[in-house]
Amino acid sequence: MSTLDLLLLVSAITVATPLLIGNTRLGGWAMTLLYAAQGGLLIGMRDLGYGGQPIPASPGFMVFGQQIHWAYDALSWFFALITVGSALFTAWYASGEWGARYRRDGYSLRLLHTAMALNVFAMLVLLGSADLLSLFIGWELVSWASFLLMAVRGGPAVQPALRYIVYAMGGAMAIMMGLAMVYIQVGSMELSQIAAAAPGFSDGLVWLLILSFGVGFAVKMGLVPFHLWQAPAYAETPAPGSAFFGAISARMGLFGIILILVKLVGVAHLAGMPIPFTFLSARDLLAWVAALTIIIPTYTALRQHDARLLLMWHGVGQGGYMLLGLMVGSALGSAGGLLHVFNYATNQLILLMAVFAVIHRTGTADLNKLGGLVARMPLSFLVLLIGIIGLAGIPPMNGFVSKWMVYRSLIAEGMPLLFVASVVGTLGTILSVYKLIHNMFLGQLRAEHAQIREVPLSMSLPMLVVAALVFLSGYFPGVALDWVAAVQAGVGLPVIAHTLGGVPLPNGGLDMIWVVSLILYGFAVGALIFFVLGGRSTRVHQLDNYAGGHFLTAQTRYQYSNIFYPGLFRLLSPVYRNSFVWLEAGLGSAVNLVSMGARGLYRSVHPAFYILAGFVLTLAWVIT
Amino acid sequence: MHWKTLLIDLTLMPLVAFVVGLFLVLMMRKVNARIQRRIGPPFFQPLYDIVKLFGKEIQISHGLWHDLGIVMLIGGYIAAEVLLPVPGMVGLAHKGDVLVLIYVLMVPSLGMALGVGQCANPNGSIGISRALTSMLAYDVPLMVVIVGVAWHYGTTSLPEIIALQQAEGVSGWGLSTMPLLALAGIISTHMMLGKEPFETYVAPAEIATGPMVEMGGKYLGGMFVSQCFQLYTAGVLYTSLFLGGGENWLSFLAKVFAVIFIPVSITVVFPRFKVGEGVAFGWKWPTTIGLIGLALVFY
């Protein structure tokens, strides 16, 4: 029995456990321990992250002469580590007071934990796919498990979940089509055999693969123009599920894209496929899709006034950096894209956990109804601060490293417009995340929040641990870059040369150990100047404030938050035309019309019309 | 790197930046005064101001992050100065390139934003909202400029960009080889300094000096120090990208003062843009000029 068998077994046990004890007080902790056990098994498989041989799973079966089986390589291991890690910390977060409250509110903790564990199990199965059929099985499992977790709370969550499943089924059909095409061409579903045949694929076939597999996986990842479903569906999920989805779920689409378009087809092949009548190649097209995915969802996030939706829209946008880096195809760019999967997952985990901590205490995520919470929830503030620095890609946090690698590779490969596009996305992110932290934690504390407390240790500790991880993996990015390098070697990309501190390049590299130490040194000197050289300061009440000549009271709502960037939106609002929403609605109406017609046909609701039409057609045939 | 060199660089580079920054502030105020037919402040006035502010008896804090915000503001600039090579001192510029520098320079802005945010003053919040909006306006052309320069010299490392320019003399300067990018660069530098017509986020008559509204004593002093750093950083960055950096301290300082002289001398005659107008200007003029310059560099 290999370690992988054991991992899948423990994961299956994790699905079964909450059915028995999910609603008890210890249920959450048992789940946490089981996820920790899965994490331990993954650590036992750590050789994969350092160039070890793939580990096969024992179970497998034959269908129509096709072997269906599973195996883990560096790529699977890297994604599995992030998946199980996300599950571990979110389950921990939900184990104590959060879970008790959820149960008190009349929801089923048993169902929630089962759905979470099912998601993890489905993802672990998907990540182990060794042939296209097991990939498809895994894909369907993930889609339905996600649907279950999204809809688990009922109420407002159902509508976005149903919208998701429509998208997911459409994507699955596309993948099915691609699967059939590959089978006809190669005569096998085995990934290793397809890889051997892939260099001989014609451009036409690769275009069809991009349209089938690419579109299918793009739906899950929320790439433009399939980005509409994701944010509302993930935001309405209960806290641990929401944080888990936000951190990793959509990346399964990226996994699929890496598997098919990078590992089997290869970025070089894509770059060699010109689009007729343009100067672009298939790779450029995908890179620009990625760039649009950075910009459009990010500037949609800027308009949100629900903290969860804001973060989820950023989640869609951050996926663009990952794909963009991969499509650059160089060692630096693809390493940046892959590293961003890890870094982003850690950032989004703590951001969502902090936001749900605020919801836990105040009952709202509405950015117009919060403010000043830094005085009451300092730990959550610190966690959110670390998260936004990471998400915005500012040193010293880890998000900066992966984004820097993507920027640097775009400059090195001579793609200036994509570089500018990605920077425009980053600037939008900075604006948006400052609005997030300002409207929740800074500004005026509202009277109704004057007495709330920090969340208990069961919630703040997992946040703090991941926040420490965000800082440390920014300080020593080499640890995760080792795994990224193994992934690159496994999928046939050029391998990044790196050190513990970052990427040494002859013409402008990065060493985060020095940079972060320098920033800490700067802070130390700054603190020395400020606290030692300056006089002692006295704390005043928040209403003891310059307000242009009149006194402030708690009743004076001067919190400036509603539309945080009015000057910018006066300029930008004509640009937001909701074209994609309009397009989606149009497609929906078209499908409605066709199905009405079809229903009319088989129910024969208009017999007179059919007789008349038949008569006219017969007449026309007789006359001519 | 030898630890002695490192220690000297870590101490001296921020210190020099601060002292030069004091003189840049003095120049700014003198130029301003002369255009308005005043004499202007005495030689040591910028230093007196800082000493006075730090020594104030009453210091008002609105909370822990009000304090830490100012620490981040000063500290971020101190870190940035060590990434900015000057004649005789490279600091840690080999450990982080110009992109790192640009992003490290966001740390002080973030610090200020956090500090002001905790003050719970609407004018302060409006000021930060406007400051971030204007960052969106000037960072887009600035990044166009950076990518052009980096591609032209084939490196993002500042010491190398400087060395490559100095190897060819004045004809090798970015200003001579990439005049359009240099023009876009000076406009973005002006916008970055937040001087009229782009000082939407200070706007004393409108939002009571925005971010500074709740700042007094050492808090305002910290902001004053950071203004010195800001002028110096902007001047040195532009000098490094387009004017061949410094061959020696004399020519280096002359270039830095010349660069800063341009925005501070034309700023006085302008009124103030509206917030949206500033963004529209930034995306229209310097970005377009920069993109044309970029096209010339690439093809």
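Helices, in the sense used here, are DSSP runs of H or I with at least four residues, numbered from the N terminus. The model is predicted.

## Interface between the chains

Contact between the chains involves 61 residues of chain A and 72 residues of chain B. On the chain A side, six elements each supply at least two residues: helix 18 (398-412), helix 19 (416-441), strand 4 (510-511), helix 22 (512-533), strand 5 (538-539) and helix 23 (566-572). Helix 22 of chain A gives the largest share, 13 residues. By class, this side of chain A has 38 nonpolar, 18 polar and 5 charged residues.

Strand pairing also crosses between the chains. Strand 5 of chain A runs parallel to strand 1 (residues 60-61) of chain B, and 2 bridges join them. Here A:Arg539 stands opposite B:Ser61.

## Fold of chain B

Chain B has 13 helices and 1 strand.

Of the 299 residues, 63% count as buried. Among contacts in chain B with a separation of 6 or more, 82% come from residues 24 or more positions apart.

## A hairpin in chain A

Strand 1 (residues 55-63) and strand 2 (residues 66-72) of chain A run antiparallel, joined by 6 bridges. A:Gly60 has A:His69 in strand 2 as its bridge partner. The two strands form a hairpin with 2 residues between them. In the turn, A:Phe64 has a positive phi of about 50 degrees.

Most residues other than glycine have a negative phi, and most peptide bonds are trans. Some exceptions follow.

A cis peptide bond joins A:Val224 and A:Pro225, with omega about 5 degrees. A:Pro225 is in the loop between helix 9 (203-221) and helix 10 (230-235) of chain A. In chain B, a cis bond links B:Glu196 and B:Pro197, with omega about 5 degrees. B:Pro197 is in the loop between helix 9 (179-193) and helix 10 (204-207) of chain B.

A:Asn578 has a positive phi of about 55 degrees. This residue is in the loop between helix 23 and helix 24 (579-603) of chain A. A:Asn578 counts as exposed because it has 11 C-beta neighbours inside 10 Å. For B:Arg37, phi is near 60 degrees. B:Arg37 lies in the loop between helix 1 (3-35) and helix 2 (45-54) of chain B. With 6 other C-beta atoms within 10 Å, B:Arg37 is exposed.

Technical notes. Residues are numbered from 1 along each chain as its sequence is written. Chains are lettered from A and ligands numbered from 1 in the order in which they are written. This is a predicted model: local features need pLDDT of at least 70, side-chain atom pairs count only at pLDDT 80 or more; totals for chains, interfaces and linings use all residues. Two residues are in contact if their C-beta atoms, placed from the backbone, lie within 7 Å. Ala, Val, Leu, Ile, Met, Phe, Trp, Tyr, Cys and Pro count as nonpolar, Asp, Glu, Lys and Arg as charged, and the others, Gly among them, as polar. Two strands pair if DSSP finds at least two bridges between them. A residue is buried if 20 or more other C-beta atoms lie within 10 Å of its own, exposed if 12 or fewer, and partly exposed in between; C-beta atoms are placed from the backbone.
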